[in-house]
Amino acid sequence: MLEIKNLHVKLEDEDKQILKGLDLTVEAGKVHAIMGPNGSGKSTLSYVLSGRDGYEVTEGSATLAGQDLLELEPEERAALGVFLAFQYPVEIPGVGNMTFLRTAVNAQRKARGEEELSAAEFLKTIRAKAKDLKIDADMLKRPVNVGFSGGEKKRNEILQMAMLEPKMCILDETDSGLDVDAMKLVAEGVNALRDEGRGFLVITHYQRLLDHIKPDVVHILADGKIVKTGGPELALEVENNGYTDILAEVS
Amino acid sequence: MGLADVKQGATEARLAALRLPAGGCLAAARQAALARVQTLGLPGRRDEYWKFTRPDTLTETDVTKASVFVSDEAPMFDDFDRLKIVFVDGVYDADASDDLSLEGVTIDRIADVCGQDIHWAKDLYGVLEARGQAPVARPLAALNTAFAADGIAIHVTGTPSKPINLVYLHSDEMSDAMVHHLVRVEAGAEATLLENGPGASRFNSCLEIDIADTGKLHLVRAQGRDHERRAANHMFARLGKESVFKSFTLTVNGVLTRNESVIELLGDDAIAHIAGACVGDGDFHHDDTVFITHDAVNCESRQVFKKVLRNGATGVFQGKILVKEGAQKTDGYQISQSLLLDGDSQFLAKPELEIYADDVICSHGSTTGAIDEEALFYLRSRGIPTADATDLLTLAFLAEAVGEVEDTDIAADIVARLEGWLSRRR
Ligand SMILES: Nc1ncnc2c1ncn2[C@@H]1O[C@H](COP(=O)(O)OP(=O)(O)O)[C@@H](O)[C@H]1O
Ligand SMILES: [Mg+2]
């Protein structure tokens, strides 16, 4: 599904290399987790995949189902099926959450040559999905993420993911700032979307999210590279011993 | 020649080209207004409140040609149940207008005020305009009081079942029009006044609004879509105890617009909200000049102005809140913001507070900014194309101002028209 080869990324405005030859393949139906110390480049990877400005790919490639992602605009990537649940979801005053979601869903459908959802169909779908995530009608009406608590913002990201039904879900520290109950809700939301045709890249700093979203593969990212790959037990190792041992072992 | 002489010369030239309408009972008011123009002189570039806006084309004798815009949209408020009063190039059109009778309100042409001995109107004509000349001169309004031949006197004594809609059609590309309206809202009465259309190639309108204790007036204006028209509009409002005045102005296009609002809160617990949204592209200069005086206890004033500018458009905001001695518990709020869609456009703002009471809350803020890149990326990452995302964020920027319109149908129509304006610029 997602294939990243030898990816080198630097900041556009600064002479700072962040990703230094990253290789990663996420197969459809699988959940891959990326763990790594702060500043190792996890968010950068998620931004580069979703097409944010400010980064320059100096080498390497990233494809989704064989299509070159790096050439595409963010909205084109989204229509292809890339979704990033932001580490810091953006507040957009003046744009209602519901309007935003309907615009997004229909823009993607249009880009794929599908018919737009009618207002009634959309409403029915979003109500059901919002209910599962304990998102009330008020949160749907309010401007996007404005005045939302940390947990509400993260649940709102998952709601967007559920509505957009992407092929490749990238979750950047979706667990940060969540209490146990909120984390369970979010994890349930993600697990409900697990599907043979869908890949997940779950970026997290802590093992605890992975108790709820069981990964198939765990990678350790350090200094812009995947330094170790293993099964779920690797996350436990990080949890018990921290990164120091692993980093010492690979260097 | 000194500056004063230049100004005097220009003023005299303009006045020489104008003729006072047969005044009847308004003759004295017109003469007094003429004297004000002669004393003040027409606006010049050095005048303190004309530094950001060139007055020349508004003051000079010859009107600049403005082609008549033919719209494919239905005119604003067409779908609303309303009492329609039509002016073509500033002249009342009886055939195109509805019958002027409506329960709860008496409507007359200014020209008929004398014949019918309408005392309130005689007593109001030019009075609020004259009060509004200090401390800041507004000579174009005095010019209007002296020379406007047409207009409507609206006496609200009850709660009319539908809004009164003044429709200003533009038909002659060399038209130069002045209209002067009077509105008196009696105690406990409440009405909605709608205005729309460009008016003329050069339009000078003056609206004097006198709201008695506990009266309420809602005003929504839309200034048409003509690109080349010029306008100087003045609104003078005097508010009594527990009265409410809410106004919103939508401006799209127009090479030059100067909207002056002069509001006096004279009775305790009065509320005045004035808001505006404008969108301009290219040869567009839009100026909101506002002066709100708090001269009573526990009054609230609120100003919300938003401007979207692109391709070298200019926005101006000059807004002042004056809190007089003894106007305790004043709650004054003012925000003026511009969204610059490119680097060529500019926003010039002069927010002012002058406060002589100690127990007041007054805040003002003015910002200029571009589209928020973070928000834009967030929307795009959800599949919304850049152009749609930009429009969405632009409408979001305008939302606070449009939100000041209480009638949700009108607000929705305004949003739809703004969407149309943006989509035509893709
Ligand atoms: N836009 C940026 N400007 C400056 N430094 C950046 C920017 N984006 C990332 N960095 C730097 O790149 C490194 C990796 O950051 P990031 O990808 O956010 O790491 P992580 O998500 O793993 O904590 C850090 O040193 C960070 O400070
Ligand atoms: Mg991060």
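This is a predicted model: local features need pLDDT of at least 70, side-chain atom pairs count only at pLDDT 80 or more; totals for chains, interfaces and linings use all residues.
The crossing is right-handed.

On the H3(A) side, the residues that meet H6(A) are A:Asn97, A:Phe100, A:Leu101, A:Ala104, A:Val105 and A:Gln108. Their partners in H6(A) are A:Asn156, A:Leu159, A:Gln160, A:Met163 and A:Leu164. Sorted by class, this contact has 7 nonpolar and 4 polar residues, and no charged ones.

I turn now to the magnesium ion, ligand 2. Which atoms coordinate the magnesium ion? They are OG of A:Ser43 and OE1 of A:Gln87, at 2.1 to 2.3 Å. A:Ser43 belongs to helix H1 of chain A, residues 42-50, while A:Gln87 sits in the loop between strand E6 (82-85) and strand E7 (92-96) of chain A; the pair therefore ties together parts that are 44 residues apart in sequence. As for A:Gln87, is this residue buried or exposed? Its relative accessible area is 11%, and because the cut-off for a buried residue is under 20%, A:Gln87 counts as buried.

Finally, the interface between the two chains. Chain A contributes 29 residues to the contact and chain B contributes 16. The area buried between chain A and chain B is about 1,800 Å², and carbon and sulfur atoms give 66% of that area. Within chain A, the residues that lose the most area to chain B are A:Arg52, A:Glu75 and A:Val90, which together account for 27% of what that side buries.

Definitions and conventions: Residues are numbered from 1 along each chain as its sequence is written. Chains are lettered from A and ligands numbered from 1 in the order in which they are written. Side-chain values use heavy atoms; hydrogens and water are left out. A crossing is left-handed if the near helix is turned anticlockwise from the far one by less than a right angle, and right-handed if clockwise. Helices (H or I, at least four residues) and strands (E, at least two) are DSSP runs, numbered from the N terminus. Contact means heavy atoms within 4.5 Å. Ala, Val, Leu, Ile, Met, Phe, Trp, Tyr, Cys and Pro count as nonpolar, Asp, Glu, Lys and Arg as charged, and the others, Gly among them, as polar. Donors are N, O and S atoms within 2.8 Å of the metal (3.2 Å for Na, K and Ca); water is not among the atoms, so sites may look incomplete. Buried means under 20% relative accessible area, exposed over 50%, partly exposed in between (1.4 Å probe, protein chains only). Buried area is the accessible area (1.4 Å probe) that two parts lose on being put together, summed over both.
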